[in-house]
Amino acid sequence: MEEIETIKTEITEDICDIETDFYCRKIAVGSSLGKIYLFENLNGTTSKISEIQAHIGPIYKLSWSHPSFGPILASCGLDKKVNLFNLNQNYQLGQIYEQDKHDNCVNTLKFCPSSNILLLISGDLDGNIITCEYYNKDFILKKTFAHDFGVNSIDFLDENNFVTCGNDNIIKIWNYSQENGNVVIKCEYELKDNKDNNITTKDLSCKDNKHFVCCGASGDEGIVNYYFLNEENKWETKKIYENKGKLEKIRFNEEHTCIAIIDEDGNENNIMENQLNI
């Protein structure tokens with residue numbers, strides 16, 4: 001795949017995560033020193049517009065809300081906190097909320113991509129997930145245990161259903177519902193690809209409400225599994241890619257035509273979906 005642009009960030013510390021907003025114009029970068037750097041892409045030129053000290057220690061994950069709620073950015077990290085920031089007209093990030101209900105470092109988080117609900121889900125090293133929905137001018141929180149040994153990744157199938165994977169090598173599909181401030185979270189499916197439990201699950205990405213991919217490793221070999229709902233409305237899985245090294249990150253592009261994977265050494269490979277045996 002052709003490289004479009006290289007961004008010279010002038011960031012001296014390690015970069016831990018990068019997330020673009022809904023329009024792919026704002027780029028948020030989380031660093032190992034707890035800083036968020038914000039860049040803007042205009043007319044093919046990317047430039048830094050602001051930065052903020054967001055956490056004590058590394059930032060592990062960033063996520064943008066749907067733009068109908070304004071430009072809201074969430075971050076999490078080693079300091080056990082989840083922070084929400086609003087981007088003002090002067091391109092400065094101002095903190096609007098701090099969630100400190102996790103008892104261990106927060107590995108991952110994700111905003112629901114829907115324009116109908118401002119819902120953020122975060123997962124920690126203890127294996128808990130916390131749903132955080134803005135409802136009736138307040139944030140409603142609910143903690144639920146999800147995975148032994150820690151939650152690695154979260155993504156949404158649709159507005160009311162999301163997927164998690166963890167260090168227990170299990171993938172879970174959840175249903176989220178809320179009525180008058182009462183939150184109900186139910187695990188609908190547990191997916192496990194192998195009988196001998198030797199496949200790790202590191203990251204996942206949803207294409208739509210019927211398809212998602214998950215990457216990990218079997219021994220020293222990296223693998224990508226494709227999950228889909230069959231005609232009987234049951235989840236099936238198929239191994240679609242193998243790599244010489246362990247895989248750490250996976251992501252569909254915005255058009256859901258390409259899968260990007262990153263290995264443990266930071267090397268990236270992009271695969272067009274029509275090139276895969278799906």
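Me: Let's start with Lys35: buried, exposed or partly exposed?

Reply: Lys35 counts as partly exposed, because its relative accessibility is 25%. Buried means under 20% relative accessible area, exposed means over 50%, and partly exposed is in between (1.4 Å probe, protein chains only).

Me: What kind of model am I looking at?

Reply: This is a predicted model, where local features need pLDDT of at least 70 and side-chain atom pairs count only at pLDDT 80 or more, while totals for chains, interfaces and linings use all residues. Residues are numbered from 1 along each chain as its sequence is written, and side-chain values use heavy atoms, with hydrogens and water left out.

Me: Thanks. Back to Lys35, which residue does it form a salt bridge with?

Reply: Its partner is Glu51, and the closest N and O atoms are 3.6 Å apart. Lys35 belongs to strand S3 (residues 35-42) and Glu51 to strand S4 (residues 45-53), so the pair ties together parts that are 16 residues apart in sequence. Glu51 is partly exposed, with a relative accessible area of 37%.

Me: What counts as a strand, and what counts as a salt bridge?

Reply: Strands are DSSP runs of E with at least two residues, helices are runs of H or I with at least four, and both are numbered from the N terminus. A salt bridge needs a side-chain nitrogen of Lys or Arg within 4 Å of a carboxyl oxygen of Asp or Glu.

Me: How many salt bridges does the structure hold?

Reply: There are 11 salt bridges in the structure. One of them joins the side chains of Lys61 and Asp17, at 3.5 Å from N to O. Since Lys61 lies in strand S5 (residues 59-64) and Asp17 in strand S1 (residues 15-20), that pair ties together parts 44 residues apart in sequence.

Me: Are Lys61 and Asp17 buried or exposed?

Reply: Both Lys61 and Asp17 are buried. For Lys61, the relative accessible area is 11%.

Me: What about the salt bridge between Lys239 and Glu242: how far apart are the closest N and O atoms?

Reply: They are 2.8 Å apart. Lys239 is partly exposed, with a relative accessible area of 47%, while Glu242 is exposed at 54%. Elsewhere, salt bridges that share partners join Asp17, Glu19, Lys61 and Arg251 into one network.

Me: New topic! Which residues have a positive phi without being glycine?

Reply: Cys24 has a phi near 60°, and His256 has a positive phi of about 60°. For context, most residues other than glycine have a negative phi.

Me: Where are those two found?

Reply: Cys24 sits in the loop between S1 and strand S2 (26-31), and it is partly exposed at 37% relative accessibility. His256 is in the loop between strand S21 (247-252) and strand S22 (258-263), and His256 is partly exposed too, at 29%.

Me: And Asn88, where is that?

Reply: Look in the loop between strand S7 (82-87) and strand S8 (93-99). Asn88 is partly exposed, with a relative accessible area of 37%. Its side chain reaches the backbone nitrogen of Asn90 at 2.9 Å. Asn88 and Ile72 are 16 residues apart in sequence and 9.7 Å apart in space, C-alpha to C-alpha.

Me: What about Lys80, which loop is that in?

Reply: Lys80 is in the loop between strand S6 (72-77) and S7. With 39% relative accessibility, Lys80 counts as partly exposed.

Note on methods. Polar contact = N/O pair within 3.5 Å; in protein donor to acceptor, adjacent residues only side chain to side chain.
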